[in-house]
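This report describes the packing of selected helices in one protein model. Please consult the sequence and structure shown below.

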Amino acid sequence: MSTANVTQSPNSPSGFGFAWRFAGIFLLLQLVIVFQFGDVTQPFMIERATVQPSVVLLDTLFPAEKPFADGDTVRSKAVSLKVLRGCEGTEFYLLLAAAILAFAASWRQKLLALAAGIAIVFALNQLRLLGLYIIVRDFREYFQLVHVYFAPLLLVAALVIVFSLWATRVLSPPRAA
């Protein structure tokens with residue numbers, strides 16, 4: 001009985017290559033973007049990339065409430081929702097980026113996925129803030145439960161689905177024309 005040489009894909013679930021690369025890249029991104037340059041990135045991420053766009057969305061949906069940005073806080077007649085460090089979505093961007101960068105794909109595929117991933121995380125985070133705004137306004141007693149447990153879990157689940165769809169597409173052989 002002979003043993004065949006089986007080459008494992010760098011993305012093989014039976015190997016830990018992807019998991020180690022993912023963990024290392026995520027840690028590196030956290031160290032650099034959050035801890036090393038956090039004083040620069042966090043005000044931008046909170047005020048410009050999270051609060052201000054969310055106010056535009058909220059004003060479109062609830063113009064009578066007159067939402068406005070007050071630095072790191074979304075305010076309106078009915079709500080005051082402060083976006084703190086860690087609530088602006090940076091970790092979600094970094095999780096998806098680390099998964100994409102760790103995956104054995106071409107740089108072109110990775111760059112396209114990163115661009116699309118940034119847009120997807122942005123949209124998901126805006127939907128999360130919309131939901132939190134409504135919960136603070138109408139169901140205040142559920143805010144902590146949704147904010148701490150359900151919203152992050154839903155975002156991570158959505159990112160797993162997005163990454164899985166992309167990875168499956170990358171691994172699929174090209175279709176014959």
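Is Ile 161 buried or exposed? Ile 161 is exposed, because its relative accessible area is 52%, where exposed means over 50%, buried under 20% and partly exposed in between, with a 1.4 Å probe and protein chains only. The model is predicted, so local features need pLDDT of at least 70 and side-chain atom pairs count only at pLDDT 80 or more, while totals for chains, interfaces and linings use all residues. Residues are numbered from 1 along each chain as its sequence is written, and side-chain values use heavy atoms, without hydrogens and water.

Ile 161 lies in helix α5; helices are DSSP runs (H or I) of at least four residues and strands are E runs of at least two, numbered from the N terminus. Between the C-alpha atoms of Ile 161 and Ala 104, which are 57 residues apart along the chain, the separation is 18 Å.

Helix α5 covers residues 143-171. A bend of about 35° occurs in α5 at Phe 150, and Pro 152 follows within four residues; the bend is the angle between axes fitted to the seven residues ending at a position and the seven starting there. Among the buried residues of α5 are Phe 143, Leu 155, Phe 163 and Trp 166. The buried residues of α5 pack against α1 (17-36), β3 (80-82), α3 (90-102) and α4 (107-138), contact meaning heavy atoms within 4.5 Å. In α1, the buried residues include Phe 26 and Val 34, and the buried residues of α1 pack against α2 (38-61) and α3.

| Pair | Angle | Axis distance |
|---|---|---|
| α3 and α5 | about 25° | 10 Å |
| α1 and α3 | about 140° | 8 Å |

Axes are lines fitted to C-alpha atoms, for helices over the stretch in contact, and angles run from 0 to 180 degrees between N-to-C directions. Angles under 35 degrees count as roughly parallel, over 145 as roughly antiparallel, 65 to 115 as roughly perpendicular and the rest as oblique.

By its angle, the pair α3 and α5 is therefore roughly parallel. The contact involves residues including Phe 92 and Leu 96 of α3, and Pro 152 and Trp 166 of α5. The helices α1 and α3 are therefore oblique to each other. Their contact residues include Phe 22 and Leu 29 of α1, and Leu 94 and Ala 98 of α3.

Conventions:
The expected span of a helix is 1.5 Å times one less than its number of residues.
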